[in-house]
Amino acid sequence: RYKWDSADSQDANFGAHAFLVNGERLQRVLRHRLGLSPENPLSATTIEALALCPFDGFVRQLLRLDVDTPHGSGVDQRQLGILAHRVLEAFYREKTGHRTTDVFSGVDRKRLRELLQQFRSVLTHGDPLARIAAAEWLQTAIELVLDNAIGSHTFKEATPVDFEVSIGRHHGDMQTSPLALTFCGTTVYFGGDVDRVDEGPGLRRVVDYKLARSTTIKVKTRSE
């Protein structure tokens, strides 16, 4: 839509500084965030952000500018996301070897509450009452997500087999190879971290936990 690569990019329609965001310059300056080297693969989070809103994705994922509203006395949403990931990972690690379609019971709800108490120290910002309220909200949100997931047709019989799987990134002393695809002569490398992998008869499911900036938590799945 924008003639960033055009020789006319410095005319009155584009402004004196339009040359700063031409394609060549972007590839050179932001190479490490565009997946143009195997050492820095492009993540699904970046792709999704750019697809939903190119400008927002450019600012947040490529320039890495902090444009979130200051949390003030409230809870930092990023810390809340970390808490959600840790609780869900610990919860499902204990479920390894058991079908994820088992009934979400009162025992599970109690265990979720215990895990929230265990990991709640990651919430360091905000008033004490705000942190307590956030943990209570997260408990309810996770319960709703798991209730819905259990009843979803995408959750066939399967069991968790792996967690926090890194693709094309360093994980301890190891680094797996990224996925390389070539488009119009340019090779782009893809990688990232997978929250959970489930397996069942003829099924492998990739699960990704997402905490929205508003008031929702989502479980995204991809089965094959």
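Reply: Arginine 204 forms a salt bridge with glutamate 199, and their closest N and O atoms are 3.2 Å apart; the term stands for a side-chain nitrogen of Lys or Arg within 4 Å of a carboxyl oxygen of Asp or Glu. Arginine 204 counts as partly exposed because its relative accessibility is 42%, and glutamate 199 counts as partly exposed because its value is 33%.

The model is a predicted one, in which local features need pLDDT of at least 70 and side-chain atom pairs count only at pLDDT 80 or more, whereas totals for chains, interfaces and linings use all residues. Residues are numbered from 1 along each chain as its sequence is written, and side-chain values use heavy atoms, with hydrogens and water left out.

The structure holds 12 salt bridges. In another of them, the side chains of arginine 205 and aspartate 198 meet at 2.6 Å, N to O. Arginine 205 counts as buried because its relative accessibility is 0%, and aspartate 198 is likewise buried, because its relative accessible area is 0%.

Aspartate 208 belongs to strand β7, which covers residues 203-211; here helices (H or I, at least four residues) and strands (E, at least two) are DSSP runs numbered from the N terminus. At 23% relative accessibility, aspartate 208 is partly exposed. Although 13 residues separate aspartate 208 from aspartate 195 in sequence, the two are 5.3 Å apart in space, C-alpha to C-alpha.

A further salt bridge joins the side chains of arginine 60 and aspartate 56, with 2.8 Å from N to O. Both residues lie in helix α3, where they are 4 residues apart, about one turn of the helix. Arginine 60 is buried because its relative accessible area is 18%, whereas aspartate 56, with 26%, counts as partly exposed. Threonine 46 has its place in helix α2, residues 44-52, and is buried, since its relative accessible area is 4%.

The loop between α3 (54-62) and α4 (77-93) holds leucine 65, which counts as partly exposed because its relative accessibility is 46%. Arginine 64 is found in that loop between α3 and α4 as well, and is partly exposed at 48%. Its backbone deserves a look, as arginine 64 has a positive phi of about 60° without being a glycine. Most residues other than glycine have a negative phi. Glutamate 164 is also not a glycine and has a positive phi, of about 45°; this residue sits in strand β1 and is partly exposed, because its relative accessible area is 25%.

Strand β1, residues 159-167, also contains serine 166. With a relative accessible area of 11%, serine 166 is buried, and its side chain makes a polar contact of 2.8 Å with the side chain of aspartate 193. (Such a contact is a pair of N or O atoms within 3.5 Å; within protein, one must be able to donate a hydrogen and the other to accept it, and residues adjacent in sequence count only if both atoms are side-chain atoms.) Another polar contact, of 2.5 Å, links the side chains of glutamate 143 and glutamine 139. Glutamate 143 lies in helix α6 and is buried, as its relative accessible area is 15%.

To place these pieces in the whole, the protein chain comes to 6 helices and 8 strands, and from the N terminus on its elements run α-α-α-α-α-α-β-β-β-β-β-β-β-β. The chain has 224 residues, of which 33% count as buried; among the buried residues are arginine 205 and aspartate 198, the partners in the 2.6 Å salt bridge described above.

Technical notes. Buried < 20%, exposed > 50% of the residue type's maximum accessible area, 1.4 Å probe, protein only.
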